[in-house]
Amino acid sequence: MEDEMTHIIRNNSLSAPEPMGSYSQEDVVFLLKNLNEANLERSNEDREAAIQTGVHYSEMLPVEYQPTPEYLQLFHKTLRESAERIAYAVGIVSEIIVKKRGFKVVLASLARAGTPIGVLIKRYIQHVYKADLPHYSISIIRGKGIDQNAILYMLQRHPDDEIQFVDGWTGKGAIRKVLIEACEELQSKYGIQLDDDLAVLADPGYCAGTFGTREDYLIPSACLNSTVSGLMSRTVLRADLIGPNDYHGAKFYKEWLDSDVSNLFVDTVGAHFADIEAAARKEADRLLASPEETAITWSGMKDIQRIQQEFGIQDVNLVKPGVGETTRVLLRRVPWKILVDSLDNPNLKHILLLAKDRHVPVEEYEGLTFSCCGIIKPLKETSQ
């Protein structure tokens, strides 16, 4: 007689998702419901006010930032200059995944920042080992958890494989904590045991055990929104739009196909795999033999607590550390100020350009672990 877990996985009536996004289906399958007909976009100012008065961020979408020609030029320049460095980090994290887990693995990238990195890891493993790992992009939402239907679908399709979660980078570790809680809930609810290990390209927050680097530098896929993430929006979870047998939702911005650089990004980075393969394997071996270097210390949170105290910010979610998170603050929130370790840091050119474009003050902040930190305007304090 089958156990309860197998029964739940087999008997959950989940249909195959509708093809979405600008990547090929061979690169990634989005386990998301198409919400293109829903009116979800709100201006940054309206959205910020709603979030800070209790509306959950996953119930609406930001109006996507349309980059200036100068900013797009910076993206292309950054991509050219950093492609090999990114490829090396992809190689390291991919080699660690293979050495830890072998090839019976399903890649589950966390939409949407994880998706380009998941595509690159899949391509690297194909290139080096001729192994074709299934790759899905699934939703995880702070305060609401992971898309359990997406997990059940992957387990139905790949019952003998392990799931490896993938994201782009870490900041203070909020999503890592959501992932840990989500895996605990799946264990207690269904008896499903998943490894909550999160593989990321960059782990400046010291909260992921599988990473390509812990340096806080610009990953070009953090520069843009949907146009570097398969033309997908952020994920949405709202009771009137998502039913019990649905996946979490998202929009597919087909109208921006002409400005899409999603495939350009992964093609440009992937072109360097042959050059970095030997060095990446060697570094992966070194890291695996050095547990003290891969230890999870959550040290990024110490910066946040100091900044919260110094600037009188009660809500930790208004402090966004690291290059990737600061970029997102500038693209889709209402920033108050940007703290940087040094105005001369070469990793911060696009941050300074965006801050200038949005008239956001930039301050040097001594002793910052990260290259920079974005602070969202606390509306309640300013209205008193």
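Leu 231 counts as buried because its relative accessibility is 0%, where buried means under 20% relative accessible area, exposed means over 50% and partly exposed lies in between, computed with a 1.4 Å probe on protein chains only. Leu 231 belongs to the loop between β11 and β12 (249-250), and its phi is near 60°, a positive value in a residue other than glycine. Helices (H or I, at least four residues) and strands (E, at least two) are DSSP runs, numbered from the N terminus.

This is a predicted model, in which local features need pLDDT of at least 70 and side-chain atom pairs count only at pLDDT 80 or more, while totals for chains, interfaces and linings use all residues. Residues are numbered from 1 along each chain as its sequence is written, and side-chain values use heavy atoms, with hydrogens and water left out.

## Overall form

The secondary structure of the protein comprises 12 helices and 16 strands. Its radius of gyration is 20 Å, close to the 21 Å that the globule rule gives for 384 residues, so the protein is as compact as a globular protein of that length; the radius is taken over C-alpha atoms, and the rule is 2.2 Å times the number of residues to the power 0.38. Along the principal axes, the C-alpha trace spans about 65 × 50 × 40 Å.

Of the 384 residues in the protein, 59% are buried. Among contacts (heavy atoms within 4.5 Å) with a separation of 6 or more, 79% are between residues 24 or more positions apart.

Six strands form an open sheet in the order β1-β6-β5-β9-β10-β11, with parallel pairing; two strands pair if DSSP finds at least two bridges between them. At the edges stand β1 (29-30) and β11 (210-213), each of which pairs on one side only. Helix α5 (residues 148-157) packs on this sheet, where it touches β5 (105-110), β6 (135-138) and β9 (162-169), and its direction makes about 165° with that of β6. Such angles run from 0 to 180 degrees between N-to-C directions, with axes fitted to C-alpha atoms, for helices over the stretch in contact.

Helix α6 (residues 174-190) lies across β5, β9 and β10 and runs at about 165° to β9. Strand β10 (residues 198-202) pairs with β11 in the parallel sense over three bridges, and Val 200 stands opposite Phe 211 in β11. In the loop between β10 and β11 lies Tyr 206, a residue other than glycine whose phi is positive, near 55°; with a relative accessibility of 29%, Tyr 206 counts as partly exposed.

## Helices α3 and α4

Two packed helices are described by the angle between their axes and the distance between the axes. The axes of helix α3 (residues 69-101) and helix α4 (residues 114-129) come within 9 Å and cross at roughly 70°. The two helices α3 and α4 are therefore roughly perpendicular to each other, on a scale where angles under 35 degrees count as roughly parallel, over 145 as roughly antiparallel, 65 to 115 as roughly perpendicular and the rest as oblique.

From α3, Val 90, Gly 91, Val 93, Ser 94, Glu 95, Ile 97 and Val 98 meet Leu 120, Ile 121, Tyr 124, Ile 125, Val 128 and Tyr 129 in α4. By class, this contact has 10 nonpolar, two polar and one charged residues; Ala, Val, Leu, Ile, Met, Phe, Trp, Tyr, Cys and Pro count as nonpolar, Asp, Glu, Lys and Arg as charged, and the others, Gly among them, as polar.

## The four-stranded sheet

A further open sheet has four strands in the order β13-β16-β14-β15, with mixed pairing. Its edge strands are β13 (319-321) and β15 (362-364), each pairing on one side only, and the twist averages 20° from one strand to the next. Strand β14 (residues 335-340) pairs with strand β16 (residues 372-376) in the antiparallel sense over five bridges, and Cys 373 in β16 is the bridge partner of Leu 339.

## Loop features

Most residues other than glycine have a negative phi, and most peptide bonds are trans. A cis peptide bond joins Ala 111 and Arg 112, with omega about 5°, and Arg 112 lies in the loop between β5 and α4. Gln 66, in the loop between β4 (61-62) and α3, counts as partly exposed at 46% relative accessibility; the C-alpha atoms of Gln 66 and Leu 331 are separated by 9.0 Å, although the two residues are 265 residues apart along the chain.

Asn 347 lies in the loop between β14 and α11 (349-357) and is buried, with a relative accessible area of 15%. Apart from its neighbours within four places in sequence, Asn 347 is in contact with Arg 85, Glu 215, Asp 216, Tyr 217, Leu 218, Val 323 and Ser 371.
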